Amino acid sequence: AAEILAGLGCKIVAASDSGCAIYDPNGLDVDAVGRHKDSGSLRGYRSATLQEISQQELLELDVDILIPAALENVITEENAGNVKARIVAEAANGPTTPEADAILKANGITVIPDILANAGGVTVSYFEWVQNLMNFYWSEEEVREKLEKIMTDSYAAVRKLADEHATDLRTAAYMISLQRIAEGMKARGWV
């Protein structure tokens with residue numbers, strides 16, 4: 001995520017792994033951090049203005065976008081009130097507890113739910129399955145184009161439904177999911 005966002009011109013100010021979290025208000029050199037991480041851990045990475053911070057402090061940084069990735073239940077009722085990001089994009093499965101979700105919503109923080117934000121991996125796995133069935137393989141560029149269209153269309157549909165029903169993105173994503181399940185069950189004559 002950091003590499004993609006940096007490539008789009010975003011300034012990445014913090015990152016973490018299981019061992020530590022690092023923060024540089026001037027922005028991290030994402031490539032250098034990645035090379036250092038390849039050695040096993042972010043611990044020991046150095047730059048002139050870098051600070052090693054706790055995982056908890058990382059969640060509470062004053063940033064535009066917070067991307068909790070890898071662990072579930074990291075944004076909880078205890079720390080949600082301290083989240084300052086305007087957007088939480090859930091790259092992990094279930095990183096936000098239901099209680100924390102309510103606090104984030106009350107504080108006007110947009111949460112892009114895991115069911116939407118990290119669906120790309122599952123979608124690409126589906127592409128691999130389809131390609132293997134057909135014994136016809138797409139280029140990486142074709143896969144990226146197909147993925148971008150699906151993800152963009154999915155976000156637009158969720159956003160539209162959320163706006164129509166004055167609800168949050170998580171609820172709208174669940175509404176679409178349940179609608180699709182019901183349509184599939186009807187198409188198969190199960191209901």
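**Entry 1: Arg170 and its contacts**

I looked up what Arg170 touches, setting aside residues up to four places away in sequence. The list is Glu90, Thr96, Asp101, Val111, Pro113 and Asp114. I am working with a predicted model, so I write of computed values throughout. Next I checked where Arg170 sits, and found it in helix α8, residues 169-187. Is Arg170 buried or exposed? Its relative accessibility is 10%, so it counts as buried. The cut-off I needed for that step is under 20%.

**Entry 2: Helix α8**

I stayed with α8 and checked its length. The helix has 19 residues, which at 1.5 Å a residue should span 27 Å. Its end C-alpha atoms are 27 Å apart, so the two values agree.

Then I listed the buried residues of α8. They are Leu169, Arg170, Ala172, Ala173, Ile176 and Gly184. What do these buried residues pack against? I found α4 (98-106), β6, α5 (114-117) and α7.

I also looked at both ends of the helix. At the start of α8, a side-chain oxygen of Asp168 comes to within 3.1 Å of the backbone nitrogen of Arg170. Just after α8, Gly189 has a positive phi of about 75°. I then turned to Arg188 and Trp190. The charged end of Arg188 sits over the ring of Trp190, 5.9 Å from the ring centre.

**Entry 3: Positive phi outside glycine**

I searched for residues other than glycine with a positive phi. Ala70 is one of them, with phi near 95°. I placed Ala70 in the loop between β4 (65-66) and β5 (87-89). Its relative accessible area is 73%, so Ala70 is exposed.

Ala166 also turned up. Its phi is positive, about 50°, and it is not a glycine. Where does Ala166 lie? I found it in the loop between α7 (140-164) and α8. With a relative accessible area of 71%, Ala166 is exposed. The cut-off for exposed is over 50%.

**Entry 4: Aromatic rings**

How many aromatic pairs does the structure hold? I counted three. In the pair of Tyr126 and Phe127, the ring centres are 6.3 Å apart and the planes meet at 55°, so I noted the pair as tilted. Tyr126 and Trp129 have ring centres 5.9 Å apart and planes at 40°, so this pair is tilted as well. I checked why Tyr126 and Trp129 are about one helical turn apart: they are three residues apart in helix α6, residues 120-134. A rule I wrote beside this: an α-helix has 3.6 residues a turn, so residues three or four places apart point the same way.

I looked up how open each of these residues is. Tyr126 has 47% relative accessibility, so it counts as partly exposed. Phe127 is buried, at a relative accessible area of 5%. Trp129 reaches 51% and counts as exposed.

Ring pairs join Tyr126, Phe127, Trp129 and Trp138 into a cluster. The charged end of Lys146 sits over the ring of Trp138, 4.8 Å from its centre.

**Entry 5: The sheet**

I traced the strands next. Three of them form an open sheet, in the order β4-β5-β6. Their pairing is parallel. Which strands stand at the edges? They are β4 and β6 (110-112). Each has a single partner strand, so one side of each is left without a neighbour in the sheet.

A reminder to myself: strands of a sheet pair through backbone hydrogen bonds, either parallel or antiparallel.

**Entry 6: Glu99 and Ala80**

At 44% relative accessibility, Glu99 counts as partly exposed. I then checked how far Glu99 is from Ala80. They are 19 residues apart in sequence. In space they are 8.6 Å apart, C-alpha to C-alpha. I also looked back at α4: it is among the elements that the buried residues of α8 pack against.

Terms used
Residues are numbered from 1 along each chain as its sequence is written. This is a predicted model: local features need pLDDT of at least 70, side-chain atom pairs count only at pLDDT 80 or more; totals for chains, interfaces and linings use all residues. Side-chain values use heavy atoms; hydrogens and water are left out. Helices (H or I, at least four residues) and strands (E, at least two) are DSSP runs, numbered from the N terminus. Buried means under 20% relative accessible area, exposed over 50%, partly exposed in between (1.4 Å probe, protein chains only). Contact means heavy atoms within 4.5 Å. Rings of Phe, Tyr and Trp (its six-membered ring) pair if their centres lie within 6.5 Å; planes under 30 degrees apart count as stacked, over 60 as edge-to-face and the rest as tilted. A charge sits over a ring if NZ of Lys or CZ of Arg is within 6 Å of the ring centre and within 35 degrees of the ring normal. Two strands pair if DSSP finds at least two bridges between them. The expected span of a helix is 1.5 Å times one less than its number of residues. A polar contact is a pair of N or O atoms within 3.5 Å; within protein, one must be able to donate a hydrogen and the other to accept it, and residues adjacent in sequence count only if both atoms are side-chain atoms.
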